[in-house]
Amino acid sequence: MLPSTRSLLVVAVLSLSVAACRKKPEPAVVPPTPTPTTPQAPRVNQDSIDAANRAAAEAAERARLASAIEAARAALVAPIYFDYNMSDLTEASRATLDAKVPVLNANPSLRLRISGHTDERGSDEYNLALGQRRAAAARRYLEGRGIAASRIDIVSFGEERPVATGGTEADFARNRRDEFEIVAGADQLRPADR
Amino acid sequence: MMGLRLWRPLVAAALMWPAVSDAQDSTVRGVRIGLQYASGTRPGVAVLEVKGPGRGDSVRAMLVRDLDFGDRVGIVGASVADLPPVSGTPNYELFARLGVSGIVQATLTPAGALHVAVHDVAARGIMQVQDFPLRGVELSAEWRLSVHMAADEVERWITGTRGIAATRIAFVRGGRLWQVDSDGENATPLGTEAGLSPAWHPTGRYVAFARPSDAGYQIGVRDLQTGTSRTITRTTSGSNITPIFSPDGTTLVYAYGEGDGTDLYAVDAFAGGPPRRISAGRGTDNALPSFSPDGRRIAFTSGRIRNPEIYISDADGTNVDLLTTTGFGDQQYRSNPAWSPDGRTVAFQSQLDGRFQIMTISLRDRSVRQYTSDSQNEDPHWAPDGRHLVFTSRRTGSEQLWVLDTESNRLRQLTRGAASRHGAWSPHLSHR
């Protein structure tokens with residue numbers, strides 16, 4: 001055996017001995033204190049609660065918006081009524097028309113059609129003219145409140161489309177009316193600005 | 001034999017009442033050939049059995065009904081069985097004793113004509129003879145018109161006035177235009193389009209009407225010969241309503257309103273062109289025009305002094321005059337004027353106790369005559385004889401057309417079934 005080879009064997013044995021000694025336990029080492037943490041399951045519930053809260057709030061907002069849109073729609077289509085053989089707007093009719101104005105202002109692309117109707121007691125042909133005048137009266141009032149006349153079509157059906165056919169005075173009063181129909185912009189209706 | 005047995009009692013009764021035939025027979029023989037007719041009297045007329053090939057029973061039924069509905073003659077023997085059988089020359093003496101002044105003897109010829117002879121009982125001879133060609137298939141509208149035309153000529157021979165059997169009434173049923181023969185038969189729709197307020201052209205070929213849509217009403221004219229329609233007005237909004245042709249047929253007058261009231265406009269009926277306004281309602285409603293027979297004046301409804309009343313103006317809209325002045329006892333509503341063909345009166349509807357009734361007003365002294373009082377009666381239109389009116393009445397519970405004889409006040413129901421209104425009487429019609 002060559003002297004250099006013998007030296008290498010000695011080094012190798014020593015190295016193995018040292019390595020064997022390092023694998024022994026070290027009882028003097030103190031384990032680290034664990035940091036207190038929130039359990040994983042409670043964390044997930046809170047997110048759900050938050051999400052649910054957000055969803056509820058959004059649903060409430062949607063409901064509020066839907067209600068507001070429905071109220072706007074109801075205001076737009078609310079009919080007005082007239083006295084016998086008259087096309088003058090009553091106080092109640094003016095209030096009903098006033099309620100339409102903010103909705104129309106909030107929806108500049110919205111268009112209305114006003115149809116004038118009469119009761120059955122006049123000449124049915126002359127009633128077509130009366131219905132026309134009733135529809136025009138409402139359009140003129142809205143125009144006076146700043147609504148462009150170009151956004152409002154008018155038509156008369158005279159006594160051809162009654163809503164009440166009983167023939168009583170109450171029925172006649174229900175039939176002497178203007179009806180309001182949204183003919184454009186209904187699908188993007190926004191409530192009136194507050 | 002059965003017929004003989006049935007008419008024998010009638011003849012026997014006639015022989016017991018010679019005064020009846022004496023009163024009817026006022027013709028002085030040798031002086032005048034023809035029957036005597038005076039307003040308010042009704043000469044007795046008998047229509048004999050219609051012989052020859054074809055629907056003689058239907059022809060006789062139509063002749064009897066047409067003469068009866070003319071209200072100028074009295075039909076003797078509604079059934080053939082009530083009359084003496086006739087073979088050859090009638091027994092004038094026998095018919096005279098039945099109160100018959102004129103005998104209508106019609107025969108269907110193999111050539112497809114209706115040969116009609118009218119006998120003057122007092123003159124003991126035939127007063128008129130004519131062959132009337134029968135067009136179309138038996139019982140068709142065209143064939144029926146042929147028989148109606150014969151009936152009208154017979155009435156003219158007897159009374160001096162042409163009958164109104166060969167006419168039709170346009171009307172509205174279920175929102176669509178219809179027409180019915182003057183005897184209430186043959187009700188048929190005028191196409192399928194919706195329409196209101198039909199009005200006849202003086203030729204009887206066209207009907208103007210208001211055509212509804214969701215965007216308002218336009219004036220349309222339907223050609224009854226071709227079955228086509230065209231739109232006269234071209235407005236983008238508003239209502240064009242209550243059209244009427246001028247008596248010369250060249251002009252259409254109608255009412256148009258979009259916003260500030262409704263006014264009368266005139267437009268060339270066929271050449272078109274821009275309409276010209278002929279009333280100045282200043283924000284009120286002016287509609288339902290009716291021409292005077294000479295075409296120089298127009299009656300219309302206007303609310304220019306609050307409640308609707310009847311006004312008259314010149315055809316160009318000048319010289320407006322209130323026709324239905326106060327004095328009706330009910331200051332609510334008068335509308336739908338119809339100028340009579342003789343130019344003397346205007347029929348209209350007047351509201352009494354909340355319901356419309358049919359009235360006429362004299363243009364000479366403005367005297368008013370009321371014709372109806374039961375139920376609601378409205379929208380009168382004159383027949384071309386200037387004696388009969390068609391109007392809408394609810395006396396049977398639903399709206400139906402009725403015909404009124406303004407001389408005798410006799411009423412007959414014209415339409416049945418579905419509700420009918422806006423009756424407009426045609427001029428005399430003929431084959432084209």
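Author: In chain A, 79% of the contacts with a separation of 6 or more are between residues 24 or more positions apart. Two residues count as in contact if their C-beta atoms, placed from the backbone, lie within 7 Å. The model is predicted: local features need pLDDT of at least 70 and side-chain atom pairs count only at pLDDT 80 or more, while totals for chains, interfaces and linings use all residues. Residues are numbered from 1 along each chain as its sequence is written, and chains are lettered from A and ligands numbered from 1 in the order in which they are written.

Chain A contains 5 helices and 4 strands. These are DSSP runs numbered from the N terminus, with helices being H or I of at least four residues and strands being E of at least two. Their order from the N terminus is α-α-β-α-β-α-β-α-β. Of the 194 residues in chain A, 29% are buried. Buried means that 20 or more other C-beta atoms lie within 10 Å of the residue's own; with 12 or fewer a residue is exposed, and in between it is partly exposed, the C-beta atoms being placed from the backbone.

Now the side of chain A that faces its partner. The contact draws 16 residues from chain A and 29 residues from chain B. On chain A, α4 (124–144) and β3 (152–158) are the elements that give two or more residues to this side. The most come from α4(A), which gives 8 residues. Sorted by class, the side of chain A that touches chain B has 7 nonpolar, 5 polar and 4 charged residues. Here Ala, Val, Leu, Ile, Met, Phe, Trp, Tyr, Cys and Pro are nonpolar, Asp, Glu, Lys and Arg are charged, and the others, Gly among them, are polar.

Chain B has a contact within itself. Domain 1 covers 2–159 and domain 2 covers 168–425, with bounds from an automatic or database domain assignment. Their contact takes 7 residues from domain 1 of chain B and 10 residues from domain 2 of chain B. On the domain 1 side, α3 (56–69) and α5 (141–159) of chain B each supply at least two residues.

One of these helices, α5(B), has 19 residues, of which 15 are buried. From first C-alpha to last, α5(B) reaches 26 Å, close to the 27 Å expected at 1.5 Å a residue, where the expected span is 1.5 Å times one less than the number of residues. After α5(B) comes B:Gly160, with a positive phi near 85°.
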